[in-house]
Amino acid sequence: MNEFGIINLSRRDFLKAGMGLTLGVTVPSLAQMAGPGQGGGSVVAAGALEPNAFVRIGTDSTVTVIVKHLEMGQGTYTGLPTLVAEELDADWSQIRVEGAPADASRYNNLFLGAMQGTGGSTALANSYEQMRKAGAAARAMLLAAAAERWNVAPDSITIARGAVVHEPSNRKATFGQLAASAAKIPVPQDVKLKDPKDFALIGRRLTRTDTRAKSNGTAIYTQDVKLPGMLTALVAHPPRFGGKPKAFDAAKAKAVKGVVDVVAIPQGVAVLASDFWSAKKGRDALAVEWDESGAFKLGSAEIMAEYKSLAATPGLPARKEGDLPGAFARAAKTLEAAYEFPYLAHACMEPMNCVVKLSADACEIWNGEQFQSIDQPEVAAVLGMKPEQVKLNMLFAGGSFGRRANPHADYLVEATQIAKAIEGRAPVKLVWTREDDMRAGHYRPMYYHELKAGLDAQGNLIAWQHRIVGQSILAGTAFEGMMVKDGIDATSVEGAANLPYAVPNLGVELHSPKMGVPVQWWRSVGSTHTAFSTETFLDELALAAGKDPYQFRRALLAKSPRHETVLKMAATEADWNTPLVSARVGDRRGRGIAVHESFNTVVAQVAEVTVRRDGSWRVDRVMCAVDCGLAVNPDVIRAQMESGIVYGLTAAMHGAITLKDGVVEQSNFHDYIPLRMNEMPRIGVYIARSNEKPTGVGEPATPVIAPAVANALFAATGKPIRSLPIRIQA
Amino acid sequence: MITLNVNGKPMSVDADRDTPLLWVLRDHLGMTGTKYGCGMALCGACTVHVNGHPARSCSTPLSSAAGKRITTIEGIGHTKEGRVLQEAWVANDVPQCGYCQSGQIMSAAALLAKVKRPTDAEIESAMSGNVCRCGTYNRISLAVRQASRNLK
């Protein structure tokens, strides 16, 4: 990665910073780095050389780490501070965390070029050296200050767990005692980072910085923000995507106690009230007539039928190798399979919401802020302001799974339109009910896949043709220019175009039809469907070749050592070669394996299932092995593997958003069913030892579980699973 | 005005009788630890105790809560079950996004107040009404068992 220059902000902001020490790291240039999806996205270098501020040491010895990434559960408020604390030799109890403001010149995601945002499992990976350098520089300055104060050689001083010690003279100082004098010392331009063998915090279990506040109700989310005079807004949205309000009668709504105003915005009618319940009753009483001339009216069945007919024609090539027709012509055996995937909602526990406060020359927003570089200009455009006039306060997010990084800032724009419609007379909290959230679109797209493969007489895989049909997520977004090349949306084919298996003749094609349903990235993006079709089809091929699915994969992964390592770890932990025993007569049990790389992290899982006579089934146990480079916070990694498995398993077992005549059929947790504790498998997580730079862990466990489970069910029942969610006949 | 007893304190509220207790707590009393998740008693994020029993406050009208003892996440730490549970939550780093965890702890506290040493099946049955989209269920189950052992 880059070399970072470090400058001292304390002098510039001396009065503001008080007696403390504030450090920044400048980013001179950005090399080609991966974009938000699976590798390969080229990124324009950021030219600016402006400082970032990441560390603040108070006279009370607290070390405040300014974290540039949203904490939405994935552990950034623990991971990034760990990096600072490690190089600073701070004690973990000294660490405090502050969310960074919107300022891409200082807080850009180094993997997204000049953009500030959280996504693509990049938070820790892009910050790994940046945050360590910020900590190391602070340490060097504390050390120099102590050396000056005691008039001793810097190398005779040690720092450990927040204590600065000169052993020969038995003198000690705290960070707080040294902070003011350290602030006057020039920032070292060249800091030496620790050798990984000397890590004291990295690689250890540390309590998350947010656990206590999230266990006693004091953690503040956007839903909890209350400003003086604030109104709560609920919006009546059109029943179909693309609908608009034509006329409305607000009389009954306004008669509801607590309702203050009713205003039209481009995509709906907002009811503003003193509190949520009044706004809800007001919205229930509102009568709106909709203009559906531009509304989308197809149902899921019609969409899928269209995708199937498209799949009968060649798509745009995403990858082409060898001589595919020739290989199929000489194949001893040819297999074909088609796969269907539904729309999926993110369904975060905290439905989308945000608070907007307008003044004459500024707009202030409180939000589970995930994508500052999109949200600032989108909000500014509504108001005719400059992006920098939009101040964004980043609060804890009650889940996101990709949803809050909306490429059109959908709910922020909606809240801003409401605030604008009442001319900023009061701060506005937009609250979506669960039903609003479920029906607002921006789903993981529907997809249809067709796979065809050829085996030679010895059972070797010699031909592989993969055709994918589904809406482009990136079309019409700021990422289109960057990540849609020659008509291929990289996120539609990630996981398929970079199939890790050594197949000499291979083709991957894509159709990207347009549909009026808004779509968006959903935890692990393209891999949510490509991992499923490729990994389940591979088990069908293994069976046809008369080979064990695990060994069949290993043979094809000789040139992918990380895949092979985690595959072997998961298989070993699962006692792959030991037959499963059925607990009850008539139960069928099965074990399935899958491996997949996403966001530069490789995950393998073995799932064990039980299928009862009546067709009901459960996942008993999952063994999950991960190679995510150096394990900075092993327990956070374990938590993210567990989380990804539950998220992916929920979708595999229950997840489907369906449309009928353009209307979303689901509305709440009774018909968009979350996995609950009674359906939980036991989960074991095994982390591969590695000294490579850390890679992401928020998403990569998600895409692996569905194929691992489907393969286990295939093993148990002999019937392949080719559409999600999984349905098994009795 | 309707009088409520929340965490041992009498509180007066000027709200319609049909207002769900959830919104009374959050919007009228400023107690935001209890969360809105679904509004239909499907997810458990809004769980509080009414006379010691777990209740979904999103579906409990103010009128039916009046005169009853209400305990919320803000008060549960003062009970012995709440205290051991919160310690176990921290020890096992249960929360991820954390939004559902108030409700999870309230459901677990109601269980432990009734059954000091619950079986795994009892934990599963008491906790399956609470949804966690981050998937912290196995840690929740572990933390409830640990808290149960630490309950004197």
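The crossing of helix 16 of chain A and helix 17 of chain A is left-handed, a crossing being left-handed if the near helix is turned anticlockwise from the far one by less than a right angle, and right-handed if clockwise. The model is predicted, so local features need pLDDT of at least 70 and side-chain atom pairs count only at pLDDT 80 or more, while totals for chains, interfaces and linings use all residues. Residues are numbered from 1 along each chain as its sequence is written, and chains are lettered from A and ligands numbered from 1 in the order in which they are written.

**Helices 16 and 17**

- Helix 16 (residues 549-556) and helix 17 (residues 561-573) of chain A pack at an angle of about 165 degrees, with axes 10 Å apart, which makes helix 16 of chain A roughly antiparallel to helix 17 of chain A (over 145 degrees).
- Helices here are DSSP runs of H or I with at least four residues, numbered from the N terminus, and axes are lines fitted to C-alpha atoms over the stretch in contact, with angles from 0 to 180 degrees between N-to-C directions.
- Tyr550(A), Arg553(A) and Arg554(A) of helix 16 make the contact with Glu564(A), Leu567(A) and Ala571(A) of helix 17, where contact requires C-beta atoms, placed from the backbone, to lie within 7 Å.

**Helices 18 and 19**

- The crossing of helix 18 and helix 19 of chain A is right-handed.

How values were computed:
Helix = DSSP H or I, 4+ residues; strand = E, 2+ residues; numbered from the N terminus. Parallel < 35°, antiparallel > 145°, perpendicular 65-115°, else oblique. Contact = placed C-beta atoms within 7 Å.
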